[in-house]
Amino acid sequence: MTPVDLKLDAGPHSVRIPRGEDAPSVHLIDVQAGGRYYATAEFGRPADPLVAFDPPARISRAQPPTVAIRLAAELPLPVRQMLLFVKGPDGTFARVPAILVVNAGRTVGTVAFPAAALAVPGAKTITYYVEIETREGEEYYSELHTVPLVP
């Protein structure tokens with residue numbers, strides 16, 4: 001139900017706005033203490049492309065997974081970069097660039113979770129998200145994922 005007013009802790013949050021039969025819109029907001037942010041979606045126009053990948057249900061410290069990322073769009077869009085953001089023990093997110101491969105005009109990025117981010121003593125979960133930036137400067141985000149860390 002809209003509108004809705006939420007109080008969120010400081011830090012990044014993803015907002016998924018369902019659009020009926022259309023693909024949802026995903027927004028990433030980085031909340032600063034005392035700030036106000038707005039997430040909007042325009043209905044009745046084509047949906048924004050989604051960041052597509054198979055998010056791991058858990059992440060192994062011994063065998064960090066590699067994910068393949070793409071932009072789910074009807075037409076191929078020129079991609080400048082794809083980044084995996086992994087939350088560190090200090091609360092900041094480290095940027096890990098994906099290796100890009102273009103095939104038939106479509107870009108796929110592959111990126112492994114960095115072993116250093118998984119080696120935090122006592123950590124039971126890890127939080128991450130993916131960003132794709134086009135050459136035109138458009139930015140698309142995945143939802144934030146928090147998953148268990150396993151040996």
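Guide: Begin with Y129, which counts as buried because its relative accessibility is 8%; buried means under 20% relative accessible area, exposed over 50% and partly exposed in between, with a 1.4 Å probe and protein chains only. This is a predicted model, in which local features need pLDDT of at least 70 and side-chain atom pairs count only at pLDDT 80 or more, whereas totals for chains, interfaces and linings use all residues. Residues are numbered from 1 along each chain as its sequence is written, and side-chain values use heavy atoms, with hydrogens and water left out.

Visitor: How is the pair formed by the rings of Y129 and Y141 classed, and why?

Guide: Rings of Phe, Tyr and Trp (its six-membered ring) pair if their centres lie within 6.5 Å, and planes under 30 degrees apart count as stacked, over 60 as edge-to-face and the rest as tilted. The ring centres of Y129 and Y141 are 6.3 Å apart and the planes stand at 55 degrees, so this pair is tilted. The pair links distant parts of the chain, with Y129 in strand 10 and Y141 in strand 11 (residues 139-141), twelve residues apart; strands are DSSP runs of E, at least two residues, numbered from the N terminus. Both Y129 and Y141 are buried.

Visitor: Which residues do ring pairs link into a cluster?

Guide: The cluster consists of F85, F93, Y129 and Y141.

Visitor: Is L6 buried or exposed?

Guide: L6 counts as exposed because its relative accessibility is 58%, and its place is in the segment before strand 1 (11-19).

Conventions
Helix = DSSP H or I, 4+ residues; strand = E, 2+ residues; numbered from the N terminus.
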